[in-house]
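The sequence and coordinates are shown below.

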Amino acid sequence: MKSPAAMTRRWFGAWVGAAGWLHAFQAPVEFVCPMDKDVRSKTPGKCPRCGMPLEAGVREPVEYQLRVQIEPRSVPVGRAIEIRLELLDRSTRRRASKYELIHEKPFHLFIVSADLEFFIHDHPVPTGDGRFRYRTTLPKPGVYRILADCYPAGATPQLLPAFVTAGGYTKSIGESIASPAADLAPKRGENLQVSLRMDPPAPSPGRKTMLFFTAGPREGLERYLGAWGHLLAMSNDLIDSIHEHPVYGEPGIEIQFNIFFPRPATYRVWVQFQRKGVVNTVAFTIPVRELS
Ligand SMILES: [Zn+2]
Ligand SMILES: [Zn+2]
């Protein structure tokens, strides 16, 4: 027996479906990248930014919860731990079992320490039952932010957070907030020098900020996981995170990312560029303040 709410949803769905069907005859279908919602096309194809197949129309979001379990449970530092990850549908509590590939991988994992000094972007291994596992070592006691970036099949792309406390650390998250100073100076990666220019030069919340990176030498610059660059921004209180890719398919002299910083905070921004098979990860620290 279906609940009245479910029936209403069904009728509403049918109605929206019919409206969409009618709409299809009135206006051309828009094909949208599930990752980059601003990438739209009149014809099917692949997103020039991330390579995902474009979808006809925008899907209704499905909410998931990220469940993280760590072995050993005490989460020691300085020795191997295994992180187990799964996504649970918030309404059915069912585990997501199939994943679309995004940037060549079914699951992207980020781990950031509360002092914003430690950063991992890596790819857990599927265990075959819809779960993933990742082995790593955490460097010191404290709070760590875990982010899962993935796309359960038939749903919508997810960027889901969790917290982990390591090494018997007892202070709260609130007591662990870092207040790093602005740092916009050029950075040296493994085999790349990376500098940053911003427009506007002083970003404010809710407004578009363009980040232009110059990565040199340019010779030997390659795509990394299907994109010319990957960017993760994290607010210093670990609340807001943004994973972005360059706005243009091919990089010019500068590699441009567009970001909307949601709130006033200091953001650490890690960018990753690949040159000659080597992934370079460098970080900048960007204060975002209300316009006065
Ligand atoms: Zn990744
Ligand atoms: Zn990325």
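## Zinc sites and domain contact

The donor residues of the zinc ion (ligand 1) follow the sequence spacing H-x12-H-x1-H. The model is predicted. Three histidines coordinate this zinc ion (ligand 1), at 1.8 to 2.1 Å: His 108 through ND1, His 121 through NE2 and His 123 through NE2. The donor residues of the zinc ion (ligand 2) are likewise spaced H-x12-H-x1-H. Its protein donors are His 230 (ND1), His 243 (NE2) and His 245 (NE2), which lie 1.9 to 2.0 Å from the zinc ion (ligand 2). Here His 230 belongs to strand S16 (residues 230-235) and His 243 to strand S17 (residues 241-244), so that this pair, 13 residues apart, links distant parts of the chain. The zinc ion (ligand 1) and the zinc ion (ligand 2) are separated by 5.7 Å.

The table sets out the two sites.

| Zinc ion | Protein donors | Donor distances |
|---|---|---|
| ligand 1 | His 108 (ND1), His 121 (NE2), His 123 (NE2) | 1.8 to 2.1 Å |
| ligand 2 | His 230 (ND1), His 243 (NE2), His 245 (NE2) | 1.9 to 2.0 Å |

A residue counts as buried when its relative accessible area is under 20%. His 121 has 9% relative accessibility and therefore counts as buried. His 123 is also classed as buried, because its relative accessibility is 15%.

The domain assignment divides the protein into domain 1 (64-176) and domain 2 (187-288). The contact between them takes 20 residues from domain 1 and 18 residues from domain 2. The C-alpha centres of domain 1 and domain 2 are 22 Å apart. Between them, domain 1 and domain 2 bury about 1600 Å², with 68% of that area on carbon and sulfur atoms. On the side of domain 1, the residues that lose the most area to domain 2 are His 103, Leu 116 and Phe 119, which together account for 39% of what that side buries.

Polar interactions also cross this interface. The rule finds 6 residue pairs in polar contact across the interface of domain 1 and domain 2, together with 1 salt bridge. A salt bridge joins the side chains of Arg 268 and Glu 117, with an N to O distance of 3.6 Å. The elements giving two or more residues to the side of domain 1 that touches domain 2 are strand S6 (107-113), strand S7 (119-122), strand S10 (142-150) and strand S11 (158-166).

A further position of interest is Asn 191, in the loop between strand S12 (187-188) and strand S13 (193-199). Asn 191 counts as buried because its relative accessibility is 16%. Its side chain makes a polar contact of 2.8 Å with the side chain of Asn 280. Leaving aside residues up to four places away in sequence, Asn 191 touches Pro 217, Arg 275, Lys 276, Val 278 and Asn 280.

Methods
Residues numbered from 1 in each chain as written. Chains lettered and ligands numbered in written order. Predicted model: local features only at pLDDT ≥ 70, side-chain atom pairs only at ≥ 80, totals over all residues. Heavy atoms only, no water. Donors = N, O, S within 2.8 Å, 3.2 Å for Na, K, Ca; no water. Helix = DSSP H or I, 4+ residues; strand = E, 2+ residues; numbered from the N terminus. Domains from an automatic or database assignment. Contact = heavy atoms within 4.5 Å. Buried area = accessible area lost by both parts, 1.4 Å probe. Salt bridge = Lys/Arg side-chain N within 4 Å of Asp/Glu carboxyl O. Polar contact = N/O pair within 3.5 Å; in protein donor to acceptor, adjacent residues only side chain to side chain. Buried < 20%, exposed > 50% of the residue type's maximum accessible area, 1.4 Å probe, protein only.
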